[in-house]
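Here is a report on one protein chain. Look over the sequence and the structure first, then read on.

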Amino acid sequence: MLTKAEQILLEGIKAGDAEIWQQLLDRYQGRLYSYALRMLNGRSADAEDVVQDVFISFLKNLSSFEGRSSLESWLFLILRRRIIDMFRRKKADISCLVNDLISEDSDSGELLTNGGLIEKMTASGYARNSECKERLSAMLADALSELTDRLKSGRNFRDLKVIELIFYAGQGNKQVAEILALDANSVAVIRHRFIEKLKGMLSDNSELPEGGSIDGLLSETWVEGRFTCPKRSTIGSWLLGTLDEDWSAYVDFHLNTVGCAICRANLDDLESTIKQKQQENVLRQKIFESSIGFLT
Ligand SMILES: [Zn+2]
């Protein structure tokens, strides 16, 4: 869902307002660039190229943006696809030259900084043409958003962490139990309960694959919807140490245990903004002190 501010931005851009376009660039380029830099192992020229591409592609495909996800999620989705394309192209170029000398996964290995997230996108990200799958995915997104909101407002961070590790980070029950110091049985119970609730919410729907698992689509929908990602302002509060203990621990978990690449990119961007502000303040103070004596 779009916020009021996002709607105003979009309307301005559709009307061709260059100043509003600049506002959108200012707002998102830092976090997109940080993410790209991270995914491309610090290759800044490639990161710049790919971020530039994202904004051009965004403008070219403005009409296909339905506003089902936030503007940020949409931009990151374009960015992830661009990075995957870049890796595919690179891989193709290399294989022309040295053919069998390079092992299959030498490139994609670099991308797996987020629990196989990119890998999943590569495997299924483009195969989403069927209308039925689209609709199912949209319904799943609604249900997931409601269920995760309930866990957050009930401050059930334990269950939230369990399902996040399973469906967002792609971890198995055993690994989840180890990471969270729970017994494997509790993890299985939490997972089962969550799936049952989800199925309950989708039960009057005839489009559920018969007897089939929705795990794959669930993960994919989760990656796109980012239901457990804290807001950028929450990451900012975490950085400033103004969150309460439970929330602070959760944000820490999301950033450092799950290692959510998009949130980490936001964190990088926020940190450099704060640093810049501090430097500006120091300079401001210096200029003030050195000039005050001349004020008559
Ligand atoms: Zn996140």
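## The chain as a whole

Helices and strands here are DSSP runs, numbered from the N terminus; a helix needs at least four residues and a strand at least two. By that rule, the protein chain has 13 helices and 0 strands. Its pattern along the sequence is α-α-α-α-α-α-α-α-α-α-α-α-α. Keep in mind that this is a predicted model.

The protein chain has 296 residues, and 26% of them count as buried. Now take the contacts between residues at least 6 apart in sequence. Of these, 68% join residues at least 24 apart.

## Helix α3: one side in, one side out

Helix α3 covers residues 44-60.

Which residues of α3 are buried? They are A47, V50, V51 and V54. These residues cover an arc of only 100° around the axis, so they sit on the same side of α3. On the other side, A45, I56, L59 and K60 are exposed.

## How α2 meets α3

Helix α2 runs over residues 18-39. It packs against α3 at an angle of about 135°, and the axes are 9 Å apart. The crossing of α2 past α3 is right-handed.

From α2, the contact is made by L25, Q29, L32, Y33, A36 and L37. From α3, it is made by S44, A47, V50, V51, V54 and F55. Look back at the buried residues of α3: A47, V50, V51 and V54. Each of these four is named in the contact with α2.

## Two loop residues with positive phi

Most residues other than glycine have a negative phi. One is N41, with a phi near 50°. N41 lies in the loop between α2 and α3. Is N41 buried or exposed? N41 has 11 other C-beta atoms within 10 Å, so it is exposed; the cut-off for exposed is 12 or fewer.

The other is R155. It is not a glycine, yet its phi is positive, at about 55°. R155 lies in the loop between α6 (131-153) and α7. With 12 other C-beta atoms within 10 Å, R155 is exposed.

## How α7 meets α8

Next comes a pair further along the chain. Helix α8 covers residues 173-180. It packs with α7 at an angle of about 135°, and their axes are 10 Å apart. The two helices are therefore oblique to each other. α7 passes α8 in a right-handed crossing.

Which residues make the contact? On α7 they are K161, V162, L165 and I166. On α8 they are V176, I179 and L180.

## Helix α12 and its cover

Helix α12 has 13 residues, 245-257. At 1.5 Å a residue, it should span 18 Å. Its end C-alpha atoms are 17 Å apart, which agrees.

Y250, V251, F253 and H254 are buried in α12. Seen down the axis, they fall within an arc of 155°, so they line one face of the helix. E245, D252 and N256 are exposed on the other side. What covers the buried residues? The cover includes α7 (157-168), α11 (232-240) and α13 (261-292). Just after α12, G259 takes a positive phi of about 70°.

## How α11 meets α13

Two of the helices that cover α12 are α11 and α13. They also pack against each other. Their axes come within 10 Å and cross at roughly 55°. That angle makes α11 oblique to α13. α11 passes α13 in a right-handed crossing.

The α11 side of the contact is R232, I235, G236 and L239. The α13 side is C263, N266, L267, L270 and E271.

Technical notes
Residues numbered from 1 in each chain as written. Predicted model: local features only at pLDDT ≥ 70, side-chain atom pairs only at ≥ 80, totals over all residues. Expected span 1.5 Å × (residues − 1). Buried ≥ 20, exposed ≤ 12 C-beta atoms within 10 Å, placed from the backbone. Arc of directions from axis to C-beta. Contact = placed C-beta atoms within 7 Å. Axes fitted to C-alpha atoms, helices over the stretch in contact; angles between N-to-C directions. Parallel < 35°, antiparallel > 145°, perpendicular 65-115°, else oblique. Left-handed = near helix turned anticlockwise from the far one by under 90°.
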